[in-house]
Amino acid sequence: MSCKKEVISTSQPAIIFNSVDVDTILSDSISIRAILIDNDKVWYAGNYGKYGFVDLNSKKAFNGYIAKDTLILEFRSIAKTSKSIFILSISNPGLLYRITKDGKQVDLVYEEQGEKVFYDSMQFWNDDEGIAMGDPTDDCLSVLITKDGGASWKKLNCNQLPKVADGEAAFAASNSNLVIKDNNTWMVSGGKKARVFYSADKGNSWYVYPTPILQGKSMTGIFTADFYDANNGFVAGGDYEKPNQNFTNKSVSQDGGNTWQLIAEKKGFGYASCVQYVPKSNAKQLVCVGASGLQYSSDSGNNWKSLLSDATLYTIRFQNDSTAIAAGKNKIVRVKFRKQ
């Protein structure tokens, strides 16, 4: 007698995380799309000129405010070095500030005026070299570079960058359309085109690659990106005006952003504001916040599970492989992921 072992396959993976515990660590009248974790503090920058930090152990907060003339500033970009925090405003004029780690000393280190000025995201490669990116003011994305620890910034000429299509720009959704891994840098665009701009040499040279993400209208395209390492990347977005449309809004790359494939068509979330890989997950686990709440994947983005229905979270960053900090409308929360 011969026995044949039956193999049962399923499209649904075993879920690693099944639930979350949420703890509010800051409540304020503020919209926050820019956060970073610096040791035991979470720093934030938001609208109405507000910035600050919360101590994750004591929950004690420092709340700062920047005023310039009669402007009502809105910050959606934040980055750090070992010595300073940097925040960058959207709209005209673009204002980039350096802040001491106690939050009390604020210096304006870059200012750009112009009708089309609109900066979206900012990161540092190391303590000396950093980059910020934004919408085109000419026929390329706006890119700022610092090589002196953020004391001064210089805008790249368009002859150093790929040209953008008419109507191609970027979105300041969550400070996540600029991603750095070692010397590798990716920027993502939206609008009439949804593409990935890649530099292997800290912004000295650039290549641009198409994606199959929904594009063609002013509020479509890539709103957020993350890379687990130099090879594995994920971009998401969709149509901001059709937040429940959950197809042509997610794409994955396994070759460093050279090629992209749609994934999880008509599954999981719709419009996405921020996507992040879970640390130490071998590029298998991701989380996303946006119009569909907080969703989680344990199989590299093929399937998604809703863990939180809150659609007012705009950005999220991991503190470790089971705890993240998220922020959005009027709050910052700590999210602890549970296996049970």
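**Figure 1. The accessible surface of the whole protein.** About 14,800 Å² of the protein is accessible surface. Carbon and sulfur atoms hold 45% of that area. The model shown is predicted. Buried residues account for 56% of the 340 residues. The protein carries 39 positive and 35 negative side chains. The centres of these two sets are 5 Å apart.

**Figure 2. The overall fold and its dimensions.** The protein contains 28 strands and zero helices. Its radius of gyration is 20 Å, close to the 20 Å that the globule rule gives for 340 residues, so the protein is as compact as a globular protein of that length. The C-alpha trace spans about 85 × 50 × 35 Å along its principal axes.

**Figure 3. Close-up of Asn 183, a loop residue.** Asn 183 sits in the loop that connects strand 14 (178-181) with strand 15 (184-188). Its relative accessibility is 37%, so Asn 183 counts as partly exposed. Beyond residues up to four places away in sequence, Asn 183 touches Trp 125, Ser 199, Ala 200, Asp 201 and Lys 202. Gly 203 is 20 residues from Asn 183 along the chain. The C-alpha atoms of Asn 183 and Gly 203 are 8.9 Å apart.

Figure 4. Ser 121 belongs to strand 9, which covers residues 119-124. Buried means under 20% relative accessible area. Ser 121 has 0% relative accessibility, so this residue counts as buried. Neighbours within four places in sequence are set aside here. Ser 121 then contacts Ser 77, as well as Ile 131, Ala 132 and Met 133. Asn 175, Ser 176, Asn 177 and Leu 178 are also in contact with Ser 121.

**Figure 5. Close-up of Ile 325 and its contacts.** Ile 325 lies in strand 28, residues 323-338. At 0% relative accessibility, Ile 325 counts as buried. Neighbours within four places in sequence are again left aside. Contacts of Ile 325 include Ile 25, Ile 35, Ile 37, Val 42 and Leu 56. Ile 325 also contacts Thr 315, Ile 316, Arg 317 and Gln 319. Ile 332, Val 333 and Arg 334 are in contact with Ile 325 too. Ile 25 and Ile 325 are 300 residues apart along the chain. Their C-alpha atoms are separated by 9.3 Å.

Definitions and conventions: Residues are numbered from 1 along each chain as its sequence is written. This is a predicted model: local features need pLDDT of at least 70, side-chain atom pairs count only at pLDDT 80 or more; totals for chains, interfaces and linings use all residues. Side-chain values use heavy atoms; hydrogens and water are left out. Helices (H or I, at least four residues) and strands (E, at least two) are DSSP runs, numbered from the N terminus. The radius of gyration is taken over C-alpha atoms; the globule rule is 2.2 Å times the number of residues to the power 0.38. Buried means under 20% relative accessible area, exposed over 50%, partly exposed in between (1.4 Å probe, protein chains only). Accessible areas come from the Shrake-Rupley method with a 1.4 Å probe; for residues, only the protein chains shown count as cover. Lys and Arg count as positive and Asp and Glu as negative; His and the chain ends are not counted. The place of a charge is taken as NZ of Lys, CZ of Arg, CG of Asp or CD of Glu. Contact means heavy atoms within 4.5 Å.
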